[in-house]
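This report describes the fold, the nonpolar core and the strand pairing of one protein. The sequence and structure are shown first.

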Amino acid sequence: MKCIQTAISVAILALCLNVAWAEVVNFKKCPGEEKCTIHEVSITPCPDAADGRACTVYRGSNVSIVFDFTPEFAANELTADVSWTQPNFDLPFVGMDTAACKHTKCPAVSGTRQTYAYDLPIKKSYPPKHYDVKWKLTSENNDSCCFIVQINITKKTKRT
């Protein structure tokens, strides 16, 4: 019985710490986005967000992204697309799980707020630099929820 109580206490502590470290980040809607409201975007870890700066993430680490949205369309299925957006083109994020319904409730109901949560690996092969990252959920009818966040990918520095 004491083992169960300890396990529950550890789980609650981990949940509280995760919520405490989740940082609400600045984002902007994608151009032409009219059929969806993005309420809030959080990235963990992202202590830079408290100062309104882009998140610094480290190659070889994982970040969690959570966002609340209300689609103004119904969808049985949603596809996730993440890309590094440039003025002239978008470069897809390699290794992304595109099955959005694994990370949010489907079917999506028009006018109903819901949450999408995803653990994103930052691969060591990603070049260190500043990126505008476009995150888009698209229905089978090509309706979408889309936003852009800024991140800085950097190398971890070794301390001597």
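The model is a predicted one.

**Overall architecture**

The protein contains one helix and 10 strands. Read from the N terminus, its elements follow the order α-β-β-β-β-β-β-β-β-β-β. The protein has 160 residues, of which 36% are buried. Of the contacts between residues at least 6 apart in sequence, 66% link residues at least 24 apart.

In soluble globular proteins, nonpolar side chains tend to be buried together. In this model, the largest nonpolar core comprises 37 residues, and Phe67, Tyr116 and Trp135 have the most contacts inside it. Two or more residues each are given to this core by strands S3 (36–44), S4 (55–58), S5 (61–71), S6 (78–85), S8 (114–122), S9 (129–139) and S10 (144–154). S10 provides the largest share, five residues.

Apart from its neighbours within four places in sequence, Phe67 is in contact with Ile38, Glu40, Val41, Gln114, Thr115, Tyr116, Trp135, Leu137 and Phe147.

Leu137, one of these partners of Phe67, belongs to strand S9. Is Leu137 buried or exposed? The cut-off for burial is under 20% relative accessible area; Leu137 has 1% relative accessibility and therefore counts as buried. Beyond its neighbours within four places in sequence, Leu137 is in contact with Phe67, Phe69, Thr79, Ala80, Ala100, Tyr116, Asp143, Ser144 and Cys145.

S10 is largely enclosed by the rest of the structure, because eight of its 11 residues are buried.

| Strand paired with S10 | Bridges | Direction |
|---|---|---|
| S2 (residues 28–29) | two bridges | antiparallel |
| S4 | four bridges | parallel |
| S9 | 10 bridges | antiparallel |

Individual residue pairs locate these pairings along S10. Lys28 stands opposite Ile148 in S10, Tyr58 has Thr154 of S10 as its bridge partner, and His130 stands opposite Asn152 in S10. S9 and S10 form a hairpin with four residues between the strands, where Asn142 adopts a positive phi near 70°.

With neighbours within four places in sequence set aside, Pro128 is in contact with Arg59, Ile153, Thr154 and Lys155. The C-alpha atoms of Pro128 and Ile153 are separated by 4.8 Å, while the residues are 25 apart along the chain. Thr154, among the contacts of Pro128, is also the bridge partner of Tyr58.

Key:
Residues are numbered from 1 along each chain as its sequence is written. This is a predicted model: local features need pLDDT of at least 70, side-chain atom pairs count only at pLDDT 80 or more; totals for chains, interfaces and linings use all residues. Side-chain values use heavy atoms; hydrogens and water are left out. A nonpolar core is a set of buried Ala, Val, Leu, Ile, Met, Phe, Trp, Tyr and Cys residues joined through side-chain atoms within 4.5 Å. Buried means under 20% relative accessible area, exposed over 50%, partly exposed in between (1.4 Å probe, protein chains only). Contact means heavy atoms within 4.5 Å. Two strands pair if DSSP finds at least two bridges between them.
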